[in-house]
Amino acid sequence: MPIIRLENVTHNYGDKTPLCVSAIKNINVAIEQGELVGIIGHTGSGKSTLVQHLNGLLAPTEGKVWIDGEDIWKNKKNIKNIRFKVGLCFQYPEYQLFEETVYQDIAFGPKNMKLSEEEIKQRVLEAADFVGLDRALLAKSPFDLSGGEKRRAAIAGVMAMKPKILVLDEPTAGLDPQGRDSILEMILHYKKVTGATVLLVTHSMEDVARVATRVLVMNRAQVVMYDTVKNVFAHSEELENMGLAVPQITRICRELNRRGLALEEGIYTVGDACAALLPLLKKGVG
Amino acid sequence: MNIIEYKDVTFRYEGEDENHVLPLTIDGVTLNIEKGSFVAVLGRNGSGKSTFAKLANAIHLPESGQVLVEGLDTKEEKNTDLIRRKVGMVFQNPDNQIVATIVEDDVAFGPENLGVAPDEIRRRVDDSLKAVGMYDFRLAEPHKLSGGQKQRVAIAGILAMQTDCIVLDEPTAMLDPIGRREVLSTVLRLNRERGITVLLITHFMDEAAQAQRVIVLEKGKVLMDGTPRGVFAQPQALRRCGLDVPQATGLAKALADSGIKIKTDVLNEEECIEAILAARKE
C-alpha cells in the first residue's frame, strides 16, 4: 500500500470567482513508503500547492488525499494528527524561528503533540543530533545562530515530531556547496534511521541526482513524470522544454554520446560518468 | 581603469552593546575592480561576501580603510547619492525589490527619483527593458512574472539609472533552472555589449566559471583572486573553504585521477567534451 496517494486532486485558487485558476489539476500519484522523492518543476508549476495538500494545510477542491491508507478529510477533526504524521518544512525555514531558545523552538512541535516532558527532551536532543547541531547551542537564542545553524534548527523542529513523511521545500537554497552537502547528508541519515518517506522540493537537479530515489516532475499544474532518477533525466529535452534542466554531467554525457562515445542515457553523477567513460578511454580495455 | 577600489578595508557589525564586540566581517581587504570587468565572488555562508558587496555602494561604510567608487570615498555622505547612481544592487529575493504594480512603472521608479525629465524617462525605461529582454512585458503586473523575469525587471530598474556597475547578491538562489539561465545570460550580455561592470556573488560554481575573474573570500579575507581557470584548478583549496568545482571540471579531474591522460583545466561543458574526445584519440 502506498503511503501517499492522491486521487484526481484539483485545487482551485479563487474557486467560483471569475479569477479561478487551477494550481494543480487532476493529480493522480502514489508514493511508496521509504522513497526519497525529488519534486521538480518550474516556478508556478504547482509544487508548493501539491505538498500543502499532504498535511491538510490545503484541502482539495476536488479529489481525495490518502495518507497511510486514510482519507485525510474523511474526519476533519483528525487533521491535526495528519500534521504530526506529515512534517512540512517550508522554504527559508530559519525565518520562522520564534522562541527564546533553540531548545524551545525545537520542542514546539513535540509539545503540541502533548508528549511528556521526558519524551519531549529526548525528541529535542535526538533531532539536534540528526541535524548535527551542537547541544551547547540549545540554550542560545535562535537569533544568535549563524545562517546555516538556523536552517538546521528549523529543520530539527520538524524532525522532532518524527513524521513518517518529511517534506522539505528547497532545504538547500542559498547555502554554499558544503552546506548543501551536509543538509543532504543529514536528510539521508534521518531517512535511514527512521525509515521515513522524504519529499524534497527543489530547483537543484544536482541535489536530486545526489539523493533522490525517484523524481516527480510537475508542469503546468500536472504531474507529467514520476519515475526513477535515471529514467527522468533520460528525457533531457522534454525537461528543458518545461523550463527545467538536467545536471551538467547528464548534458555532457548526452553530447559525448552524440559524438560517438557509446554512453547510456540518464547518467547523472560525476562518479557514474567517470566509471562509464573509463573503459572507453583506456586502451586495450573493454 | 578601476571603478571600485577597496583599500585595506575592515568592517564589523555592531554588537548588542559595548560588551559584545563582534569579530571583523571584512578583515583587511585590498583589491580593485576594473571598469567593464565581470567578477564573481565566492565564499561559504558567513565568509563576508554580502558585506563585501554592500561596501561597494555605501550601504555599509568601512570601520577602517577606504572604499572608492570612481575615486569617490563612500565614507563622505555627500558622495552617497552619486555612488548609488554608479553602483546598483540586485538582491536574492525577487519579491522584495519590486515596488510598482506595472513593470514599466517599476523600472521608472529610479530615474523618477533622480528627477529625470519625463520623455527621457520614457526613453530609458524602453531601452532598459529591451536590454533585459522584458520589453514585451512592460505593461504586465510584476506578481504575474516568473522569478527570472522579476530579477530581469530589477536589473532593468538599475540600468534605467544609467549605472556603470551592477552588484548582484545571489540573484539566482531562488530561481528555477531556466530563470537562472535567463538572469545569467542577461548579465553576461550587458557586460559584453554595454561594458557594464558586473560583480556577481554566487554559490553556483558554473556561474562563476563564466566570469573573467573569481575572488574567493574566507573569514573576511581574500583567499584566492584569479581567473576561473586558475581558481578552479585548486579543488582541494576550494573544498577546504566550503566550495567546489563545476561538474565539468570535476569529471575531467576524476578521469585524470583514474589514470587517463586528459586536460583537466576545463571550465564548462564544451571544454570538458573536447578534452574527453581528445583523450580518446591519445
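Two residues are in contact if their C-beta atoms, placed from the backbone, lie within 7 Å. By that criterion, the contact draws 34 residues from chain A and 35 residues from chain B. This is a predicted model: local features need pLDDT of at least 70, side-chain atom pairs count only at pLDDT 80 or more, and totals for chains, interfaces and linings use all residues. Residues are numbered from 1 along each chain as its sequence is written, and chains are lettered from A and ligands numbered from 1 in the order in which they are written.

**The chain B side of the contact**
- Helices α6 (177-194), α10 (247-257) and α11 (269-281) of chain B each supply at least two residues to the side that touches chain A; helices (H or I, at least four residues) are DSSP runs, numbered from the N terminus.
- The largest share, 7 residues, comes from α11(B).
- This side divides into 17 nonpolar, 11 polar and 7 charged residues. Ala, Val, Leu, Ile, Met, Phe, Trp, Tyr, Cys and Pro count as nonpolar, Asp, Glu, Lys and Arg as charged, and the others, Gly among them, as polar.

**A:Leu277**
- A:Leu277 sits in helix α11 (residues 270-281) of chain A.
- A:Leu277 touches B:Leu255 and B:Ile276, not counting residues up to four places away in sequence.
- A:Leu277 is buried because 25 other C-beta atoms lie within 10 Å (buried: 20 or more; exposed: 12 or fewer; partly exposed: in between; C-beta atoms placed from the backbone).
- The C-alpha atoms of A:Leu277 and A:Ala127 are separated by 41 Å, with the two residues 150 residues apart along the chain.

**Domains of chain A**
- Chain A is assigned domain 1 (33-60 + 76-229) and domain 2 (247-286), with bounds from an automatic or database domain assignment.
- The C-alpha centres of domain 1 and domain 2 of chain A lie 34 Å apart.
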